Structure formats: C-alpha cells, structure tokens
Amino acid sequence: MKKINKITYSPGLNIMQKRSKKTYDAMIKAGFRLLKKRDWNSITVDELSRSAGYSVGAFYARFRSKDDFFDALAAYQRKARKVTLEHLDSTPKNDGFIDELIKDTVHYLWNNRNFWRAAQMRGMRDPEFWEPFRKGGHSVASKTIAILSEQANRPLTDAEEINVRFAFQIVNGTINNAIMNRPGPIFMNQKLFIEKLIMAFRLVSNCDNFKTKKKIKK
C-alpha cells in the first residue's frame with residue numbers, strides 16, 4: 001500500500017506570509033502617502049521602498065516593476081471606492097442623492113488627484129488597465145438609473161436612460177479634464193465646481209422631471 005504524503009502545517013510559513021503581507025501593505029500605504037504630495041513619475045522605487053521602511057530588494061520580491069506596483073495601488077483604490085459607493089447605495093434615497101453622489105465623487109477624486117492623473121495617463125497607453133474603471137463608471141450610472149426609476153414609480157424610457165448616462169459622461173469628463181489639464185475658469189477645489197456639475201447633471205439628464213404626476217381626481 002502506497003504511503004500518501006500529507007501536507008503538514010508550517011508555523012514558519014504562516015509567519016512568513018504574515019510578514020510578507022505586512023511588507024506589502026506598508027508599501028501600498030507608502031505609495032499613497034507619497035502620491036498625496038508628488039506626481040507619480042517623480043517617485044522612484046528606491047523612494048517607495050525607503051518610505052515603507054524596506055529595501056529595494058523587498059520591493060522587487062513583491063512587485064515585478066513600478067507599473068506592477070501601480071496595478072496594486074489601482075486595485076486597492078477600486079476596492080476602497082466600491083465600499084464607499086456601497087455605503088452610499090445603502091443610505092435612504094431622496095431628491096438630493098444625486099447631489100451627494102457628485103459631491104462625494106469630486107471630493108474623492110480631488111483627494112486622490114495625483115493617483116487619478118497617473119491612472120489616466122496609464123490608461124492612455126494601456127486600455128486594459130482602464131477597463132475596470134470604465135466598468136465601475138457604467139455600474140454607478142446603472143444603479144442611479146435604477147434609483148431614479150424607483151423614485152419615478154416607472155421604468156425610465158430608453159431616451160431618459162441615455163440622458164442619464166450622457167450626464168455622467170459630461171460630469172466624469174469634466175472632472176478628468178480638471179485633474180489632467182486644470183483649464184478653469186472654475187477649479188476642482190472650489191465649491192462652485194461641485195454646484196455647477198450638479199446643475200449640469202440635472203439639466204442634461206432632466207432627472208427632475210422623471211417623477212410621474214399624480215392624476216387629479218374629478
């Protein structure tokens with residue numbers, strides 16, 4: 001009878017995995033910390049490693065390249081953003097939920113503008129990298145359409161859905177342009193920027209007119 005080799009538990013391996021995760025997490029945090037103050041292109045692997053408290057060798061033991069590290073930052077951001085949007089999605093909806101969604105989006109992207117600028121530049125040369133962000137945007141638009149349909153007590157028409165999606169396209173395009181080019185005359189860190197975006201979304205989507213009018217009883 002053949003003897004079956006069993007995989008035994010290795011405390012040492014478990015400790016190594018915990019240490020590896022600790023190093024990985026420290027480098028991710030260091031990356032975002034540096035991005036709060038600097039553009040991505042100006043940050044070196046050596047600086048990332050030192051900021052995290054580890055060697056360049058420790059960096060390359062976990063990431064094949066600086067691009068690979070940025071992929072990890074992007075995955076972390078998408079996960080964090082998903083949690084935030086799920087929280088917004090779970091809160092009671094009223095007529096001001098559009099305003100809160102746009103306000104939250106602007107604040108989130110402004111606070112992470114160096115990361116977002118680098119992500120857009122990466123997406124220009126690597127469409128596959130940008131695809132999850134695009135899908136995330138479509139998902140937010142679809143959820144918004146579902147909420148607006150519920151508030152209107154009816155499904156939105158095809159034309160109304162297109163208006164909502166185009167309104168998101170205008171909002172996201174304006175934000176991305178503000179991050180990349182800072183064209184003005186209204187800048188992203190101004191309160192007026194959010195107010196004008198909300199106004200533009202409501203005007204283009206026509207969402208304030210979706211609700212069905214109650215029939216007047218004779």
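This is a predicted model: local features need pLDDT of at least 70, side-chain atom pairs count only at pLDDT 80 or more; totals for chains, interfaces and linings use all residues.
## A buried arginine

Arg122 is buried, at a relative accessible area of 7%.

The side chain of Arg122 forms a salt bridge with that of Asp71, at 2.9 Å from N to O. The pair joins distant parts of the chain: Arg122 sits in helix α6 (residues 113-125) and Asp71 in helix α4 (residues 66-90), 51 residues apart. Asp71 is partly exposed, with a relative accessible area of 29%.

Arg122 also meets Asp126 in a salt bridge, here at 3.6 Å from N to O. Asp126 is partly exposed, at 23% relative accessible area. Through shared partners, salt bridges join Asp67, Asp71, Arg122, Arg125 and Asp126 into one network.

## Other salt bridges

How many salt bridges does the structure hold? The count is 14. One of them pairs the side chains of Glu47 and Arg38, at 2.5 Å from N to O. Glu47 is buried, with 17% relative accessible area. Arg38 is partly exposed, at 28% relative accessibility.

Buried means under 20% relative accessible area. Glu47 has 17%, so Glu47 counts as buried.

## The nonpolar core

The largest nonpolar core has 57 residues. The residues with the most contacts inside this core are Trp40, Phe69, Leu73, Phe115, Ile175 and Phe201. Helix α7 (residues 127-152) gives the core its largest share, nine residues. In soluble globular proteins, nonpolar side chains tend to be buried together.

What does Leu73 touch, residues up to four places away in sequence aside? The partners are Ile28, Gly31, Phe32, Leu35, Trp40 and Phe115. Trp40 and Phe115 are, like Leu73, among the residues with the most contacts inside the core.

## One cavity

The structure holds one cavity of 30 Å³ or more. The volume of the largest cavity is about 30 Å³. Its lining consists of Phe32, Leu35, Lys36, Asn111, Asn112, Arg113, Asn114 and Phe115.

Which elements give two or more residues to this lining? They are α1 and α6. The largest share, three residues, comes from α6. Phe32, Leu35 and Phe115 line the cavity, and these residues are also among the contacts of Leu73.

## Tyr54 in its loop

Tyr54 lies in the loop between α2 (45-52) and α3 (56-60). Is Tyr54 buried or partly exposed? Tyr54 is partly exposed, at 28% relative accessibility.

Neighbours within four places in sequence aside, Tyr54 is in contact with Lys22, Thr23, Ala26, Met27 and Ser49. Ala26 is 28 residues from Tyr54 along the chain, and their C-alpha atoms are separated by 8.8 Å.

## Confidence

The protein chain averages a pLDDT of 87. Of its residues, 87% score at least 70. Helix α9 (residues 191-205) has the highest confidence, at 97. In helix α1 (residues 11-35) confidence is lowest, at a mean of 79.

Over residues 1-13 the pLDDT stays under 50, and the model has one contact for this stretch beyond four places in sequence. Residues 213-218 also have a pLDDT below 50, with zero contacts in the model beyond near neighbours in sequence.

Conventions. Residues are numbered from 1 along each chain as its sequence is written. Side-chain values use heavy atoms; hydrogens and water are left out. pLDDT is the predictor's confidence in each residue, from 0 to 100. Helices (H or I, at least four residues) and strands (E, at least two) are DSSP runs, numbered from the N terminus. Contact means heavy atoms within 4.5 Å. A salt bridge is a side-chain nitrogen of Lys or Arg within 4 Å of a carboxyl oxygen of Asp or Glu. Buried means under 20% relative accessible area, exposed over 50%, partly exposed in between (1.4 Å probe, protein chains only). A nonpolar core is a set of buried Ala, Val, Leu, Ile, Met, Phe, Trp, Tyr and Cys residues joined through side-chain atoms within 4.5 Å. On a 1 Å grid over the protein atoms alone, a cavity is a set of points where a 1.4 Å probe fits but cannot get out, and a pocket is an open set with protein on both sides within 12 Å along at least five of seven lines; lining residues have an atom within 4 Å of a point. Grid points are joined across faces, edges and corners, and a volume is the space filled by probe spheres set on the points.
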